[in-house]
Amino acid sequence: MRADVPGINPTALDEWFIANIPGVQPPLDFSLIAGGRSNITYRVTDTTGQGFVLRRPPLGHVLATAHDMGREHRIISALAPSAVPVPPALGHCDDASVNDAPFYVMAFVDGHVINTADDADAAMPDHEARRRTGEQIADILADLHRVDVDAIGLGDLARREGFLDRQLKRWRSQWESSKTRDLADMDAAFDLLIEHKPPQRYTGIVHGDYRIGNMLARSEGGINAVLDWELCTLGDVLADVGYLLNYWPEPGDDMTGFVDPQPTVSGGFLARDEVVERYATSGGFDVTDVSYYRAFSYWRSAAIVEGVTRRYIEGVMADDAVDPQVYDRRVVHLAAQSLALISSLRSPA
């Protein structure tokens with residue numbers, strides 16, 4: 001008898017796999033890889049040892065637009081012929097009667113998920129491998145941003161122009177509706193982000209959460225696949241660069257803005273300036289305004305974390321072990337980082 005795995009209907013999924021995935025040999029074994037408030041990911045193994053990955057929305061009531069399985073499946077399917085490494089998409093099911101919610105299936109791709117400095121030390125101790133990994137991360141991002149969205153069938157994925165205007169409006173509204181107190185740095189940073197907003201020079205695919213922790217890395221260096229495309233959209237691609245750099249702290253940097261020390265603080269990876277130079281050279285992008293996009297990313301992250309802070313304070317996160325003040329300090333730090341960066345743009349070069 002198979003173990004009960006939350007979010008999985010094994011009998012119905014056996015039948016679906018037989019009908020939709022060639023060569024599969026049930027009964028299937030399911031195990032949780034990652035779950036939470038984002039989409040849930042399961043490892044699936046058949047009797048011959050073949051590996052698959054199944055993604056479905058969080059358990060309980062969710063907004064369909066926030067957890068669109070068909071959209072994720074469409075994105076990785078479209079990117080398959082490109083230079084961007086993604087897991088092979090194998091099938092999508094929008095019939096909720098099969099597994100209580102839509103889901104999609106990918107081939108299993110081997111690799112290490114490196115979320116923290118400890119993960120980096122365990123999975124990739126060699127510094128030359130870390131350097132090669134950093135180079136490939138920059139190259140892949142440049143490849144993604146050069147993809148012709150119309151040629152791969154993603155031209156209608158989202159509105160392309162006015163990206164920063166929409167983002168600033170959305171997260172300003174989110175901040176005002178969820179803030180637990182007034183924070184002068186958030187208001188001051190917002191005003192300067194509006195004042196110094198650069199024109200949208202490059203339009204393409206924006207991953208939305210492009211960082212080492214959302215990739216499958218090799219111990220010897222390099223990336224096997226980029227994961228977690230649920231926030232992917234079209235717009236100003238330099239937003240991804242700013243976000244990546246903020247998740248690329250260097251040894252000795254303050255980690256107040258993170259839950260855990262990020263992989264790059266353990267040393268051996270490219271410096272931030274080297275990431276920017278590699279990306280710009282690989283893709284032919286002008287990154288003069290990169291500090292603006294870093295400031296925007298810090299400010300956006302502060303608005304997001306404030307929403308989490310409020311939910312912890314209100315006791316709706318089902319986790320009494322978490323101290324809301326930890327998240328509060330993160331918000332204060334992120335807002336200060338944003339203001340410091342955007343303020344520096346007012347100084348002569």
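**Figure 1. Gln25, in the loop between α1 and β1.** In this predicted model, Gln25 is partly exposed, with a relative accessible area of 40%. Leaving aside residues up to four places away in sequence, Gln25 touches Asp46, Thr47, Thr48 and Gln50. Take Gln50 from that set: 25 residues separate Gln25 and Gln50 along the chain, and their C-alpha atoms sit 8.4 Å apart.

**Figure 2. Helix α1 and what its buried residues pack against.** Helix α1 covers residues 10-20, and its buried residues are Ala12, Leu13, Asp14, Trp16 and Phe17. The partners of these buried residues are the strands β1, β2, β3, β4 and β5, plus α3 (96-99).

**Figure 3. The open five-stranded sheet.** Reading across the sheet, the strand order is β1-β2-β3-β5-β4, and the pairing is antiparallel. At the edges are β1 (29-34) and β4 (89-93), each of which pairs on one side only. Ignoring direction, neighbouring strands here are turned by 25° against each other on average. As a reminder, the strands of a sheet pair through backbone hydrogen bonds, in either a parallel or an antiparallel way.

**Figure 4. A closer look at the β2 and β3 pair.** Strand β2 takes in residues 40-45 and strand β3 residues 51-56, and the two pair in the antiparallel sense over six bridges. To pick out one of the partners, Ile40 is bridged to Arg56 in β3.

Figure 5. Is His73 buried or exposed? Its relative accessibility is 16%, and since buried means under 20%, His73 counts as buried. Not counting residues up to four places away in sequence, His73 touches Ala89, Leu90, Gly91, His92 and Tyr104.

**Figure 6. Helix α10, residues 290-313.** This helix has 24 residues and reaches 35 Å from its first C-alpha to its last, close to the 34 Å expected at 1.5 Å a residue. Helix α10 is mostly covered, with 19 of its 24 residues buried. For anyone tracing side chains along a helix: an α-helix has 3.6 residues a turn, so residues three or four places apart point the same way.

**Figure 7. Residues 61-65, where pLDDT stays under 50.** For this stretch, the model has two contacts beyond four places in sequence. For the protein taken together, the mean pLDDT is 92, and 93% of the residues reach 70 or more.

Figure 8. Along the principal axes, the C-alpha atoms fill a box of roughly 65 × 45 × 40 Å. Buried residues make up 50% of the 349. Among contacts between residues at least 6 apart in sequence, 69% join residues at least 24 apart.

How values were computed:
Residues numbered from 1 in each chain as written. Predicted model: local features only at pLDDT ≥ 70, side-chain atom pairs only at ≥ 80, totals over all residues. Heavy atoms only, no water. Pairing = 2+ DSSP bridges. Helix = DSSP H or I, 4+ residues; strand = E, 2+ residues; numbered from the N terminus. Axes fitted to C-alpha atoms, helices over the stretch in contact; angles between N-to-C directions. Expected span 1.5 Å × (residues − 1). Buried < 20%, exposed > 50% of the residue type's maximum accessible area, 1.4 Å probe, protein only. pLDDT = per-residue confidence, 0-100. Contact = heavy atoms within 4.5 Å.
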